[in-house]
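Please look over the sequence and the structure before reading on.

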Amino acid sequence: MAAPYYDENLYILNMKNDMEAKGAELIPSVESLAADNIVIPPLSVMRQLATAVEAGKKSKSIKDLLASSGNSSPVRERGGLSLSAVKSLVLREKDEKPSDFGHNEKVLSLIRSLFDAEGNFLRRKIDSGSDAITTASIPKDIHGAPPESLVVKLAEVIGSFRTLKKMTLFWCSVVSELRRLWSEEAYVPSIPVDEIPDLNSCLLYQRLQVINCCVSRKRRRDIATETLDFVIREASPNAEESSVSTDNAAGPILYARISTGELVLRLGADRPYSNLKMLETGEPMYTPVTQEGPLLTEDLIKETEEFVLRTGSVGAGCSQLLSDMQAFKAANPGCILEDFVRWHSPPDWTEVEPSTEAESLDGNDVSSTRGQLSSRMQKAGNLWRELWDTSKPVPAVKQVPLFDEDLAVEGILDGFEDISPSELFEQLFISLLGLGFVIAEAKLSTNSDFSKLFYECKDFVVSTCQGKMWTEKVDELCQVFETVEAMILNPEEVLRIMKQPEEAITPSPSSEPKRRFRRLTLNFGGKDRQLKKSASKDQKNSQSPGSQPFSSFFDNKSSIFSKKPPKPESASPVEKPSITEDNDWTVV
């Protein structure tokens, strides 16, 4: 009989292959995420994001997190390995580069699906029985993101990774894709293409809105520049009419006759402004194409307000005013300050009622020349007068930009690369939580059995997320989400539980929601029900008959998720698998 032969090198190689297979399983597939049977974001995804919120507090930036974190893949097998085998695996993980992750076929497939221009990936059909009002309600209430936005889809994808390191690496891949889109002047999918930042949404969503707005502005500027250059090339030096129509995409080429009788080309004129005429020349007044104002997210608005209060500066306002004056002069040759005030600030111009004597010798009404500036405009040293005297006729597209799109977007992308992990994962958690409640509200709001309990859950989530310390209650939010998920996925079982005989203790009205939450989380918290039941018995023995504050319900240990999500360093590698659940959620 042959004696068994042990080859340590072969053993190590086999272990490496096993670890590679395990690592591949930690990357979700497009098919698994887009499965038709996923009605509401899985609780396991919410828990993983909650874990990341807690773990992210220990790092100042994504780069710091990547530098300090190892791959938290399943490590229960390492306990029985030889020292040389463990050393080999550790060295292999240490040498793994972020670029290797970015070239993984599953990762590339996720990126392609997430940034698909059609936006069909993870698009859920929300059955809204009360129009779209409910759809827009809770995401704004909790400062999340719209249900169909890229932020929500990104949250579900990142939360499907089972390790904090891979969640972070995937975010880096997302930022790289955003850079590519910007370099190609392409829109970020599932984000409005030309809307100012929605201050009711999370900062991440606002910044993606800025990127798309900047793409739109660059495209408009390119078209306006081409149009202006064409008009200048085609302008006739011997024109005799104020408007010379030509068969071109730029429309008519416009001129204005100045006080000397000379015709001057209008540059950057948009459309006639009402029926007003310029005071000195009598030529029609045109609204100029002006520069668009800065795109401010809520953090920049706060910084600007603090700067103005601290310094008393109005520099940005002066820059915009000067820009408008230059554009107005270019579109209205021969204009004066009074013309600009009538267009830009009508309250600062007072018309004088014409009289019978207010007619010229040829019988023409000259009332358009009669009026005066307001007292503030007539004061010595008035800022408007000083700016008007120094301004030159320059169309908006030829001016120095008031808002540099390239600088703004590069700043946003750099900020994404160095964002605080807790800030990132908090916004993703809140946004996905909002989607879950939008879906639940559409399904449960008209359900006579569940509507009351659902709205109790919703009210708790809204009040909690509007508080400054909501990140300390992510476990409680997951517990409530667990209850809502149960009402959608297991309605018959929930009804059975709700109709069970009441406890011997007669509850007060305020404790009814707490009892319902407790019963549902006991039965739908996960597969480990025995642990929950034993914890529930301890609660019942220690519970007092009196009414309790609503939030105190969550202090009870009625669910295995009543504890805060475990931190990466809080348990040894051997201990971690003991709290890994059957729903494939791996503690980070």
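The crossing of helices H11 and H17 is left-handed. The model is a predicted one.

**Packing of H11 and H17**
- H11 spans residues 203–234, and H17 spans residues 405–417.
- Their axes lie 10 Å apart, at an angle of about 155°.
- Angles over 145 degrees count as roughly antiparallel, so H11 is roughly antiparallel to H17.
- On the H11 side, the contact residues are Leu204, Arg207, Leu208, Val210, Ile211, Cys214, Arg217, Lys218 and Arg221.
- They meet Glu405, Asp406, Val409, Ile412, Leu413 and Phe416 in H17.
- An α-helix has 3.6 residues a turn, so residues three or four places apart point the same way.

**Helix H19**
- H19 covers residues 451–465, 15 residues in total.
- From first C-alpha to last, H19 reaches 21 Å, close to the 21 Å expected at 1.5 Å a residue.
- How enclosed is H19? Of its 15 residues, 11 are buried, so the helix is largely enclosed by the rest of the structure.
- Buried residues of H19 include Leu453, Phe454, Phe460, Val461 and Val462.

- Strand S3 (residues 253–257) has five residues, and four of them are buried, so S3 is largely enclosed by the rest of the structure.
- S3 and strand S4 (residues 263–265) run antiparallel, joined by three bridges.
- Which residue of S4 is the bridge partner of Arg257? The partner is Leu263.
- The two strands form a hairpin, with five residues between S3 and S4.
- Gly261 sits in the turn and has a positive phi of about 90°.

- Most residues other than glycine have a negative phi.
- His143 is not a glycine, yet its phi is positive, at about 65°.
- His143 is found in the loop between helix H8 (133–141) and helix H9 (150–158).
- Is His143 buried or partly exposed? With a relative accessible area of 30%, His143 is partly exposed.
- Ser190 is not a glycine either, and has a positive phi of about 60°.
- The loop that holds Ser190 runs between helix H10 (164–183) and H11.

Definitions and conventions:
Residues numbered from 1 in each chain as written. Predicted model: local features only at pLDDT ≥ 70, side-chain atom pairs only at ≥ 80, totals over all residues. Heavy atoms only, no water. Buried < 20%, exposed > 50% of the residue type's maximum accessible area, 1.4 Å probe, protein only. Helix = DSSP H or I, 4+ residues; strand = E, 2+ residues; numbered from the N terminus. Pairing = 2+ DSSP bridges. Expected span 1.5 Å × (residues − 1). Axes fitted to C-alpha atoms, helices over the stretch in contact; angles between N-to-C directions. Parallel < 35°, antiparallel > 145°, perpendicular 65-115°, else oblique. Left-handed = near helix turned anticlockwise from the far one by under 90°. Contact = heavy atoms within 4.5 Å.
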